Amino acid sequence: PDNTRMVAFVPLHAVAPASSVMVHASGFGTLCTTLKYGVPQLCLPEQQDTLVSTQVVAQQGAAVVVPSNEVTGAGVREQVVRLLNEPSFAAAAARLADEMAAMPAPNEVIPELEALTEKYR
């Protein structure tokens with residue numbers, strides 16, 4: 001489309017908030033950044049470990065997973081249209097983003113971890 005630009009690199013946190021769907025190869029950083037911003041995902045995992053993590057997000061209703069060896073142009077288009085047209089994906093992605101935002105920051109958990117370590121040392 002006329003409003004599309006090809007660039008070598010853009011940080012995900014800069015584009016995710018304005019995205020309606022994210023299509024990606026399922027790296028953990030991309031998966032989690034996309035979750036943080038509540039964006040439905042089309043995950044195209046290439047390796048077994050990414051297949052497992054993306055299946056968890058799909059089970060929560062926020063993604064569709066198509067293993068990379070099954071990807072076709074028509075299939076990607078079909079799933080992107082589905083992610084855009086079925087509101088349940090956006091709702092599930094927003095719910096997961098809210099759950100992530102409600103989690104304590106790592107530095108808030110450290111005192112509890114220290115106490116547990118001391119107790120069970």
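This is a predicted model: local features need pLDDT of at least 70, side-chain atom pairs count only at pLDDT 80 or more; totals for chains, interfaces and linings use all residues.

User: OK. What does glutamine 41 touch, if you skip residues up to four places away in sequence?
Analyst: Glutamine 41 touches Met22, His24, Leu31, Thr34, Leu35, Val57, Ala62, Ala63, Val64 and Leu83.

User: And where is glutamine 41 placed?
Analyst: Glutamine 41 is in strand β2, residues 41-43. Strands here are DSSP runs of E with at least two residues, helices are runs of H or I with at least four, and both are numbered from the N terminus.

User: Is glutamine 41 buried or exposed?
Analyst: Glutamine 41 counts as buried because its relative accessibility is 0%. The cut-offs are under 20% relative accessible area for buried, over 50% for exposed and partly exposed in between, with a 1.4 Å probe and protein chains only.

User: Which side chain does glutamine 41 have a polar contact with?
Analyst: That's histidine 24, at 2.6 Å, side chain to side chain. A polar contact is a pair of N or O atoms within 3.5 Å; within protein, one must be able to donate a hydrogen and the other to accept it, and residues adjacent in sequence count only if both atoms are side-chain atoms.

User: Thr34 was on that contact list. Which helix is threonine 34 in?
Analyst: Threonine 34 is in helix α2, residues 28-36. Threonine 34 is buried too, because its relative accessibility is 0%. A polar atom of its side chain lies 2.8 Å from the backbone oxygen of threonine 30. Leaving aside neighbours within four places in sequence, threonine 34 is in contact with Met22, His24, Val39 and Gln41.

User: Switching topic: what lines the largest pocket?
Analyst: The lining is Phe9, Val10, Pro11, Leu12, Val15, Ser19, Val21 and Met22. Pockets are found on a 1 Å grid over the protein atoms alone: a pocket is an open set of points where a 1.4 Å probe fits, with protein on both sides within 12 Å along at least five of seven lines, whereas in a cavity the probe cannot get out; lining residues have an atom within 4 Å of a point.

User: How much space is in the largest pocket?
Analyst: About 270 Å³. That volume is the space filled by probe spheres set on the grid points, which are joined across faces, edges and corners.

User: How do the lining residues divide by type?
Analyst: Seven are nonpolar, one is polar and none is charged. Ala, Val, Leu, Ile, Met, Phe, Trp, Tyr, Cys and Pro count as nonpolar, Asp, Glu, Lys and Arg as charged, and the others, Gly among them, as polar.

User: How many salt bridges are there in the whole structure?
Analyst: Two. The criterion is a side-chain nitrogen of Lys or Arg within 4 Å of a carboxyl oxygen of Asp or Glu. Arginine 82 pairs with glutamate 86, the closest N and O atoms being 3.3 Å apart. Arginine 95 and glutamate 99 meet at 3.1 Å, N to O.

User: Why are arginine 95 and glutamate 99 about one helical turn apart?
Analyst: Because they are four residues apart in helix α5. Arginine 95 is partly exposed, with a relative accessible area of 33%, and glutamate 99 is partly exposed at 41%.

User: What about alanine 93, is it buried or exposed?
Analyst: Alanine 93 is buried, at 2% relative accessibility. It is found in helix α5, residues 87-102. Leaving aside neighbours within four places in sequence, alanine 93 is in contact with Leu35, Gly38, Val39, Pro40 and Ala62.

User: Last one: what's up with phi at serine 26?
Analyst: Serine 26 has a positive phi of about 80 degrees although it is not a glycine. Most residues other than glycine have a negative phi. Serine 26 is in the loop between β1 (22-24) and α2, and serine 26 counts as buried at 1% relative accessibility.

Note on methods. Residues are numbered from 1 along each chain as its sequence is written. Side-chain values use heavy atoms; hydrogens and water are left out. Contact means heavy atoms within 4.5 Å.
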